Amino acid sequence: MTIAHLDHHGDVAVITLDNPPVNALSHAHRTSIVNHLKAAEADPAVRAIVLIGAGDAFCGGAEIREFNTPAALAEPITRQVAETAEGLGKPVIAAIHKVAMGGGLELALGCHYRVASPGASIALPEVKLGILPGAGGTQRLPRAVGAKAALDMIVSGEPMTSQAIAPLGLFEQIIEGDLLEGAVAFARQIADRGMPLRRLREEPVRGENLSDLIASTREQVARQWRGYPAPARCVDAVEAAIKLPFDEGIRFERKTFLELVETAESRALRHAFFAERAASKVPRLDPSVRGHRLDTVAVIGAGTMGSGIAIALANAGLPVVLTDSDAASLARGRAHIERAWTTAVERGRLDPAGQARRLALLTTTTELAAIASADLVIEAVYEDMAVKKAVFERIEAHVRADTILATNTSSLDVDAIAAASSNPARILGLHFFSPANVMRLLEIVRGRATSDDALATGLALARRLRKVGVVCGVCDGFIGNRMLEEYLRQAYLLVEEGATPRAVDEALEAWGFAMGPFRMMDMAGQDIGWAIRKRLSVEHPEKPYAQWPDRLCEAGRFGQKTGAGVYRYEPGSRDALPDPEADRLIAASVRAQGIAQRVVGAAEIVERCVLALANEGARILDEGIAARASDIDVVYVTGYGFPRYRGGPMWHADAMGLDSVVERLQSYATTRMGQTLSPAPLLVQRAAAGHRFNT
Ligand code: 3HC
Ligand code: NAI
């Protein structure tokens, strides 16, 4: 077991937090820090104490895996570690590099002084895990940096750099050179000068109009964080810091922390945290294979996806060659990219130098020969197998033998595309989501022949683009869109049975989806769903679809791009407005089918749509298309607006209990389209065994 260790640098004791990879505060680690603090206090040769982190972090906070286990409650808890530091009679200095987060920052706040390397990432990110800082952070940070900045950090969980936060009063010094050396020198200075021991608990919370600040933040949180219990409680805790004596504030914080850590939402958010990290660990992939070094990436096709992918690549500092066979499309793509960066500058999200750097990384050309030096080529041309095969053939004629080739297809068979290649091992799918420069999800499709090298390149690219890469096997729609098909099937059927489209959207949005299915399909284009239905109704005639969406498409109602779909849109607006014409078309379709409509409630809407996702997820898991249930959850949370605080469809099913899920799905067996919800074999099997999807 690795724990903190104590060294002596002359009269300065140095306690090094050492619990790789991020020096999380496990019980053993906490215990050893406290023991070393006490030993240093008792040692007459020690005049000051430095706390520093080994490896790549000062400290990433509490050991999250201990939550909801006795180890989390075992003393000393993190708050007591901070209190021990604060209570010592010798100066304790926290020396921070790379990362001080959560309990790690709270420990530093318990120290009398803090110094940091430039560029360290400082945060109280607990809110992202559905909790609040529980080791004094809600009480000490407002005293250290003022209520406004503290509230922003605690409610958003977002990091600040050490240089940005230093002027607010968190750090006494930013140390440019060797941190340990600088911190020891600083500690000695404090001791030499007999500087007072600065205990934040004894200082007032700084700031003006604090009641107004709390009230306006509370309002903003209620608007922005529907469904998430923690943000509002963070505001309550900072209010306690402002209004109550320190010790009472601490008691309030502790009580609230213990309540939040038990909530279903916090468990789901912690699942999402670990699920994202698990996704990068791919079965049957040698972890020592690092993938290709990427010096240049080529993108073929400058349409919606190709131009978005090019933006993402250049944003990550990668030189991009963007090509299109059609000069006008290429010019449109380039204009779109330039506009995106100009808008980013106008909104203050990018500085002009950053814009210039990105522009310098971008080459646009109709000459395919320009891709010759690319290490990776991403194809994003029309969704047509013949076109794609022809494009791959031409790409292969231009690139090196070891260049990795990816297709951004959303529904075509990656194995069939690879089969046409002379070297299928270098081919994989990289399924970006629209807008490709914004969406965090990247499905990395591993074909039958895809080499470890190609797969590792895809995973490394995801990391480089700060996306979450989820590896999946080849099937129609991969993970996300295949499940979406079942979700949409229920949404459309529910309208056929009597729900209004708005009621379906509202029920799912109230449940937590970022956007209801009809608003989403109006945005994506109803014609896309139409094309898929046409194909699947031939390939899978046993899977019935509602018919009214086809009637809308036949009337040219493709959604936002045609000004009308399930809703209507004013020119230039994305607001979905009710449209009697759509309602009339739906009613006529239902009448023509002779369907007797009934009242459909919000609970049924949510249950059928959400359980349809988990049910198809079970088939995907069974077929080995996804390696683990948590990968499916990651796809839905990061790519499809599934509420993160519900963990993902598989986590949600686990939380319901798989036997209840089977029972609910079976309850529809006798209804008109009951067979569309018949439980998947793996679901039935796991439910019978008392198992979960997420192990
Ligand atoms: N506890 C347990 N494991 C942690 C951890 C933590 N606090 N923080 C990171 N890890 C693990 C990750 O799961 C991952 O494990 P793996 O290698 O087995 O997958 C490993 O450390 C490395 O993490 P990343 O892949 O995320 O590494 P990065 O370098 O990209 O990021 C980081 C490092 C910024 C520290 C990031 O891991 C992070 O944001 N961690 C969470 C920080 C956090 O939320 N802290 C608050 C914890 S709650 C708390 O402190 C309560 C307190 O108030 C009482
Ligand atoms: P698009 O129609 O906007 O762009 C396609 C571009 O490819 C056009 O600019 C066209 O001129 C160019 N092109 C066509 N044939 C070419 C050739 N032989 N050589 C070079 N360029 C050629 O299409 P979009 O939406 O960008 O889709 C591209 C691919 O991405 C498709 O496979 C699609 O299924 C997939 N995809 C689309 C998503 C979306 O939301 N639009 C999401 C995820 C994947």
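This is a predicted model: local features need pLDDT of at least 70, side-chain atom pairs count only at pLDDT 80 or more; totals for chains, interfaces and linings use all residues.
Residues are numbered from 1 along each chain as its sequence is written, while chains are lettered from A and ligands numbered from 1 in the order in which they are written. Local features need pLDDT of at least 70, side-chain atom pairs count only at pLDDT 80 or more, and totals for chains, interfaces and linings use all residues; side-chain values use heavy atoms, with hydrogens and water left out.

A polar side-chain atom of Glu106 lies 2.6 Å from an oxygen atom of ligand 1. For Arg277, a polar side-chain atom is also placed 2.6 Å from a ligand 1 oxygen. A polar backbone atom of Gly60 is 2.9 Å from a nitrogen atom of the ligand. On its own, ligand 1 has 980 Å² of accessible area, of which the protein covers 73% (Shrake-Rupley method, 1.4 Å probe; for residues, only the protein chains shown count as cover).

Helices (H or I, at least four residues) and strands (E, at least two) are DSSP runs numbered from the N terminus.

Ligand 2 has 22 residues around it. The closest are Met305, Asp324, Glu383, Lys388 and Ser410. The side chain of Ser410 places an N or O atom 2.8 Å from a ligand 2 oxygen. A polar backbone atom of Val381 is 3.3 Å from an oxygen atom of the ligand. A backbone N or O atom of Ser325 lies 3.3 Å from a nitrogen atom of ligand 2. The protein covers 79% of the 830 Å² of accessible area that ligand 2 has on its own. Helix H13 (304–315), helix H16 (385–398) and strand E15 (427–432) each supply at least two shell residues. The shell of ligand 2 divides into 8 nonpolar, 10 polar and 4 charged residues.

Helix H8 (residues 179–193) has 15 residues. At 1.5 Å times one less than its number of residues, H8 should span 21 Å, and its end C-alpha atoms are 21 Å apart, which agrees. At its start, a side-chain oxygen of Asp178 reaches to within 3.3 Å of the backbone nitrogen of Leu180. Gly194 follows H8, with a positive phi near 65 degrees. The buried residues of H8 include Leu179, Val184, Phe186 and Ile190 (buried, under 20% relative accessible area; exposed, over 50%; partly exposed in between; 1.4 Å probe, protein chains only). Strands E1 (5–9), E3 (48–53) and E4 (92–96) are among the elements that cover the buried residues.

Asn23 sits in the loop between E2 and helix H1 (27–42). At 1% relative accessibility, Asn23 counts as buried. Its side chain reaches the backbone oxygen of Ala54 at 2.9 Å and that of Ala57 at 2.8 Å. Beyond neighbours within four places in sequence, the contacts of Asn23 (heavy atoms within 4.5 Å) include His29, Phe58, Cys59 and Gly60.

Definitions and conventions
A polar contact is a pair of N or O atoms within 3.5 Å; within protein, one must be able to donate a hydrogen and the other to accept it, and residues adjacent in sequence count only if both atoms are side-chain atoms. A residue is near a molecule or strand if one of its heavy atoms lies within 4 Å of it. Ala, Val, Leu, Ile, Met, Phe, Trp, Tyr, Cys and Pro count as nonpolar, Asp, Glu, Lys and Arg as charged, and the others, Gly among them, as polar.
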